[in-house]
Amino acid sequence: MKQETKNALIRLFEKWAGDKVVETELLPQSGSYREYIRIIGEKRTVLGAFNADLKENHAFISFSKHFLSKNLPVPEIYHQDDENGLYLLQDLGKTTLFDYILHLRVGEGFATDLVLIYKKIISQLVRFQVEGGEGLDFSACYPRDSFDKQSMIWDLHYFKYYFLKLAKIPFDEQLLENDFQKFSDYLLDAPREYFLYRDFQSRNIMLVNGEPWFIDYQGGRKGALQYDLASLLYDAKADLPQEVRDELFDHYLQEVQKVQKVDPKAFKSFFQGYVLIRIMQAMGAYGFRGFYERKEHFLKSIPYALKNLETILGRLDLPVELTELTKALNEVVGSEFLQQVGQEEEVKLHVEINSFSYRRGIPLDKSTNGGGFVFDCRAIHNPGRYQEYVEMTGKDQPVIDFFKEKSEMDEFLTSVFAIVDMSVDKYIKRKFTNLQVSFGCTGGRHRSVFSAESLAKHLREKFDVNVSLRHIEREIEGN
């Protein structure tokens, strides 16, 4: 985020809230070009958003206000500067459904708690689709007010140009286009007068005190019920087991039948087709972001998408013949090149260790991991109070001797090592890639520096990890 944008959001917050900003935290970008910053004031915390696409902003803000009027769990829009693409919204915290899946999943199974959460999500999805669509101003939709034939062809071409061609999958262009026309015509036969969220997946669902809240519905429009359910159940990196998908599919049918008459057999037939077009749309995004824009995160989703595609092809039973499309999709599943793309290499855990001064604030975790520790060293006897140590740091031998002979440092570090070792051991086993540990003291020169140096030495000797070490105050002072 540019500094001028950040400053504009801070001014917008202070003018609206009458509050002084204490701290800001830049949020990592995901699959969009929108930018977010957490603004922490003396009295409240909000998210500040910037998006240069003003039409998309209008859709999101309009939908948010409508959904709130229906008591649907979406963030409140507090204030906006439409002309400059800025707005302030409710901060729902840091836990997405995807994050929760990573922490609760056990082996090849699927935690019972997750199934219960998914059932809550499905109940809310039905509300969005039926109740949320009632009275919604679909003229605010962007770029289309319906998931119509044009929208479908755009998605299919996205898949063709940014996935099939970049992955070097052979196909007959005309025959494939013919199948695209037949496939989209078939999907259009499904009832399509409901609200279609468009990107209903685990990274767009927040968990707040165990309850689901929803974000990023600015691409919503009219469409079929099956599309969003397909997005949720076949979300690539969520990697739901098929038996869980089947259980949740049956739960959806039970929930939707409470408010809308649905023919289960016809619904299931169209569902297979919508799963297929959703997977193809997602793979187009992985190709564009991964192959074209060289963003590794999207390449790592490809193996999961291949697994999903293989599953749906094995169950596919559509009343329309799609010979060339099916042939190309089977080529995708069997591609040795694609099976290697995004495969996780054995990456060592990186432990970032910092020393800092509390006068300048706690270091920001830029890894987006969100985990780690901050240890306050200010309870330890401070050599900086004595003139002979003032110009030294925690790396100088006289200061080191002081800590060993005249302070509680050994007892402090014994506790720190035990806590950090437990996380490092678990992170290695779960193949996590980043852990941040920071030590703070008053000046950032003595106690925090010695603690950071000691932990770095300890971890290098005990674990096979990569350790980086920064003494932030010393960097600022230039020594």
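Biologist: Which cysteine sulfur is closest to the sulfur of Cys 441, and how far away is it?
Modeller: This is a predicted model, to start with. The closest one is in Cys 377, at 6.1 Å. That is too far for a bond.

Biologist: How many disulfides turn up in the whole structure?
Modeller: The search finds 0. A disulfide needs the two sulfur atoms within 2.5 Å, so the 6.1 Å between Cys 377 and Cys 441 rules that pair out.

Biologist: Cys 377 and Cys 441: buried or exposed?
Modeller: Cys 377 is buried, at 0% relative accessible area. Cys 441 counts as buried too, at 2%.

Biologist: Which strand holds Ser 438?
Modeller: Strand 12, residues 434-441.

Biologist: And is Ser 438 buried or exposed?
Modeller: Buried, with a relative accessible area of 0%.

Biologist: What does Ser 438 touch?
Modeller: Leaving out residues up to four places away in sequence, it touches Asn 354, Phe 356, Pro 363, Phe 373, Val 374 and Phe 375.

Biologist: New topic. What domains does the assignment give?
Modeller: Domain 1 is 3-90, domain 2 is 97-340 and domain 3 is 350-477.

Biologist: How far apart are the C-alpha centres of domain 1 and domain 3?
Modeller: They lie 35 Å apart.

Biologist: Now the largest nonpolar core. How many residues, and which have the most contacts inside it?
Modeller: It has 104 residues. Phe 183, Tyr 274, Met 283 and Leu 309 have the most contacts within that core. Helix 9, residues 264-292, gives the largest share, with 13 residues.

Biologist: Where does this core lie relative to domain 1 and domain 2?
Modeller: Between them, because domain 1 and domain 2 both give residues to it.

Biologist: What is Phe 183 in contact with?
Modeller: Beyond its neighbours within four places in sequence, Phe 183 contacts Leu 156, Gly 273, Leu 276, Ile 277, Met 280, Leu 318, Leu 322 and Leu 325.

Biologist: What about another core, apart from that one?
Modeller: There is one of 32 residues. Phe 375, Phe 417, Leu 435 and Val 437 are among them.

Biologist: How many bridges join strand 3 and strand 5?
Modeller: There are 5, in the antiparallel sense, between residues 45-50 and residues 86-90. Val 46 stands opposite Gln 90, and Ala 49 has Tyr 87 as its bridge partner.

Biologist: How many residues of strand 5 are buried?
Modeller: 4 of its 5, so strand 5 is mostly covered.

Biologist: And how do strand 4 and strand 5 pair?
Modeller: In the antiparallel sense, over 4 bridges. One of the pairs is Asp 81 with Leu 86 in strand 5.

Biologist: Which residue in that hairpin takes a positive phi?
Modeller: Gly 85, near 70°. The hairpin has 4 residues between the strands.

Key: Residues are numbered from 1 along each chain as its sequence is written. This is a predicted model: local features need pLDDT of at least 70, side-chain atom pairs count only at pLDDT 80 or more; totals for chains, interfaces and linings use all residues. Side-chain values use heavy atoms; hydrogens and water are left out. A nonpolar core is a set of buried Ala, Val, Leu, Ile, Met, Phe, Trp, Tyr and Cys residues joined through side-chain atoms within 4.5 Å. Buried means under 20% relative accessible area, exposed over 50%, partly exposed in between (1.4 Å probe, protein chains only). Helices (H or I, at least four residues) and strands (E, at least two) are DSSP runs, numbered from the N terminus. Domain bounds come from an automatic or database domain assignment. Contact means heavy atoms within 4.5 Å. Two strands pair if DSSP finds at least two bridges between them.
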